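Let's walk through it piece by piece.

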Amino acid sequence: MAETPEIFEQSFLVEERHLDEQNHVNNVQYVQWVQDVAKAHWEARATKEQNEKFFWIVVTHEISYKQQAFLGDKILLQTYVGETTHVKSVRHVIIKNAETEKVLVEAKTTWALMDQEKKRPTKISEELKKVFQQ
C-alpha cells in the first residue's frame, strides 16, 4: 500500500529584500525559498536524534517560473517528498500567490541524505521515509 506524503506549508509576505531591479521577486529568491521550506519541513518532522545524526544536500534543482510576485504579495509555499531511493529523495515545492492561488513556481529537487559524522551519503531507512508521510 502506497503511503501519502505529508504536505508541509509556510506563508509570508514579500518584502523589499526579496525584489530585484524590476521590482518583482528575484529568481534566486525562489531557489532560497525552496531550500528554506525543505529545511523547515525536515526540522519540523525529524526527531532531535535524526537532526543530530543526518543532514540533506541538494543534488539537482529543476525550477519552472510561471508568474511573478511583487512587494506585499502573500506567498504560500507547499512541499512534499515523493520518490525515495537508496540515498536520495525527490522533493516537490509549489510556490503560490496565497490570495489568488496562482502558481508562481514549481520546483522538483533531488536531495541526498548525509551522515553528520562521516560527511558521506547514507541509506534512507524506512523509519526516515515515514518522517515525510501522513
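**Helix pairs and the core**

Start with helix α2, which covers residues 48-53: E52 and K48 both sit in it, 4 residues apart, or about one turn of the helix. Their side chains meet in a salt bridge, at 3.6 Å from N to O. K48 is exposed, with a relative accessible area of 60%, while E52 counts as partly exposed at 48% relative accessibility. Keep in mind that this is a predicted model.

Helix α3 (residues 126-130) holds E126 and K129, 3 residues apart, with a salt bridge of 3.1 Å, N to O, between their side chains. Across the whole structure, the search turns up 6 salt bridges.

Now for the inside. The largest nonpolar core has 17 residues, and Y30, W33, I75 and I95 touch the most other members. At least two core residues come from each of α1 (27-45), β3 (74-84), β4 (88-97) and β5 (103-115), and α1 gives the most, with 5 residues. Apart from this core lies another, of 12 residues, including A38, W56, I124 and F132.

Take a closer look at I95. Leaving aside neighbours within four places in sequence, I95 is in contact with residues including Y30, W33, I75 and V105.

Finally, zoom out. An unreviewed UniProt entry lists residues 7-130 as "domain: Acyl-ACP thioesterase N-terminal hotdog". Over that stretch, the chain is 24% helix and 44% strand, and the end C-alpha atoms are 13 Å apart.

Terms used:
Residues numbered from 1 in each chain as written. Predicted model: local features only at pLDDT ≥ 70, side-chain atom pairs only at ≥ 80, totals over all residues. Heavy atoms only, no water. UniProt positions renumbered as here; feature names shortened; annotations may be inferred. Core = buried A, V, L, I, M, F, W, Y, C linked by side-chain atoms within 4.5 Å. Buried < 20%, exposed > 50% of the residue type's maximum accessible area, 1.4 Å probe, protein only. Contact = heavy atoms within 4.5 Å. Salt bridge = Lys/Arg side-chain N within 4 Å of Asp/Glu carboxyl O.
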